[in-house]
Structures are given as structure tokens and as C-alpha cells.
Amino acid sequence: MVVPLSAAARPEIPSPPPATLPKPTAATLDGIYAANSANAAEAARAAAAHGDTHRAAADRELAAPTRHLLTFDGRGPGRATEVFGDLARADHVAVLVPGSDTSLDTYGRFRATATALRRQLTTTAPHGTRTAVVAWLGYRTPATLSTAVLTTNRADEAAPHLRAFIRQLHGVVGPAATISLVCHSYGTVVCARAAAHLDVDDLALVGSPGTGADTAMALHTPARIWAARGKDDWIAEVPHVRTGLFGVTVGFGTDPVSPAFGAHLFAAGKGGHSDYFSPGSVSLTNLARIVLGDTAEVTRA
């Protein structure tokens, strides 16, 4: 079987720099979507000329006129932020932050989580309630089999970008709209490192290896903090410790689903590490309830 090389193992993929964009507002969204679509199309041509047919196909899909990209950068492993729904008119917005091994080459599976949550929100929301989901691949994720996945370094690099994005998002959505962060795996570390400066209503941690904080209170955020782990998630076997090793702090400390952490725990069913957004799952149902603010309906662990 032939598989695409990871971005770390392949030569740098040539790609144009990101498009020059106006400040995101309700009035500028269509222009931003069009500019990023054109940029993705140019990136696809550059990748094809370089002989990277896998990346060319991924960029070409992102360039489709039906896609709504708030950001796009085809260089290296790539970054993209995609919107599902009418962002400017949404009453409730969910921002998804992915974990390790997420890049433009593997973007399809991350997009699948966003579309699953969007469908669940559409099905669950009361009549007349408008929702949107944003898939935020705004940082260079670590590889699952790497030393980078054991430290907060990538999360520390990502946190300022996530904070900046949430500030921009508030410039697009209405003042009454709620914003929830839904963070998976290493993405929970990113969200935790950014939490103290994020204006969000809810922060949901699923499949977390830990956050780098000992307690939910230590995240210094007024947001409601939720946590869940599926019964078959292998992340439960990862030691929840934080220790120094050759001058580097390794591990992320307290398990977010332990009583000691102090998060609101919700049921995630029997799923594994990649099953939190499976259609019909307990976890997806509860995540939608959290995003919609139906906290009384969330089933607890």
C-alpha cells in the first residue's frame, strides 16, 4: 500500500503565501472566502507541478466554490480555517481545535468531525436557532509518534494564534452569539494554554492527555469547562503526570476527567479516541447540547 509522506518526511511543498485579506466582518466574509479559494487553487497547481498529487487534490478540494475558508496557507503541512453554516447570523458557534497528525494532507478526517457536529446541531437546535461550526487548523500539530506530542511547546506556539482568531470571530458574529471551543486530544492542550485570554462561553475537552494545568480553576477562564472520555479511548492509558526530563517538562498533569481537575464531566459512551464525533454517539449528542447551551440536557458521566 502506498501512503502519502507526512509533511515532516517530505520536501517542502511549494505554495504561494496566504492571500492578503481584509479584517473579517459580516460584510467582508464573501470576499475572504473568494480570496482563500483562489489561493487554494493556486496552491493546488503548485503542488501538482511539484509532483505531489495527494496535496494537489487536497488543495483542489478546499478551493471548491462551495467551501468557505476564513484562512488558508498551503505552505509546509498547511493551515486552514473552514466555516460550516452562516457565521455572521449564527446564534451559537462551535470552534473545533484538532489534535496530532492533522494537516492539509489529513484534513478530510478533521473536516468530517466538523460536518458531523454541524449536522447534529442542525438536527438538535430549536426551530429558528441558527448555528455554525468552524474547523480551526491554525497551528502546526505534532506527530502522534514524536517527542513534540509529549510537551506543551506546540500548544504554547499555537495559543496566541487561537486567541487572535477568537478575537476576530467576535468581530464577525453578533454580540448575543455564544462561542464554544470543542478541543480534541492534543488540541485540548492548545485550548488550555490559550484559555486565560479567550472570550468563550464553553470549553469542551474530549480525549485529553491532560492540559498542563492541575485544575480547571488553574485555567483562569470564566468559561464552563467540560471534559469527557470514551470507555475505549486509549488515552486513558497515558500516565497523567508532569515531570522534568533533561531540562524539558514532559507530560500534562492531572487527568481532566478526574474529580481532582474539577471540570463538568459528561458522558461519551463506549467510543474510542477517534469516535467522539461519530453520528448518533452519546458524545456528539452531548457536545451539541453544550454548544447550544442546553446544559441541563447534557448526560453526565
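1. Ground rules. This is a predicted model, where local features need pLDDT of at least 70, side-chain atom pairs count only at pLDDT 80 or more, and totals for chains, interfaces and linings use all residues. Residues are numbered from 1 along each chain as its sequence is written, and side-chain values use heavy atoms, with hydrogens and water left out.

2. The α4/α5 pair. Helix α4 covers residues 153–170 and helix α5 residues 186–194; they pack at about 60°, axes 8 Å apart. Axes here are lines fitted to C-alpha atoms over the stretch in contact, with angles from 0 to 180 degrees between N-to-C directions. The two are therefore oblique to each other (under 35 degrees is roughly parallel, over 145 roughly antiparallel, 65 to 115 roughly perpendicular, the rest oblique). Helices are DSSP runs of H or I, at least four residues, and strands are runs of E, at least two, numbered from the N terminus.

3. What touches there. On the α4 side the contact (heavy atoms within 4.5 Å) includes Asn153, Arg154, Asp156 and Leu162, and on the α5 side Tyr186, Val189, Cys191 and Arg193 are among the partners. By class, the residues of this contact come out as nine nonpolar, one polar and four charged (Ala, Val, Leu, Ile, Met, Phe, Trp, Tyr, Cys and Pro are nonpolar; Asp, Glu, Lys and Arg charged; the others, Gly among them, polar).

4. Helix α1. The 22 residues of α1 (29–50) should span 32 Å at 1.5 Å a residue, and the end C-alpha atoms sit 31 Å apart, which agrees; the expected span is 1.5 Å times one less than the number of residues. Its buried residues (under 20% relative accessible area; exposed is over 50%, partly exposed in between, 1.4 Å probe, protein chains only) include Leu29, Ile32, Tyr33 and Asn36. The buried set packs against α2 (53–62), β1 (69–73) and β2 (79–85).

5. Just after α1, glycine 51 has a positive phi of about 90°. α1 and α2 then pack at about 165°, axes 8 Å apart, which makes them roughly antiparallel. Their crossing is left-handed.

6. Threonine 25. This residue lies in the segment before α1 and is partly exposed at 24% relative accessible area. Leaving aside residues up to four places away in sequence, threonine 25 touches Gly171 and Val172.

Terms used
Left-handed = near helix turned anticlockwise from the far one by under 90°.
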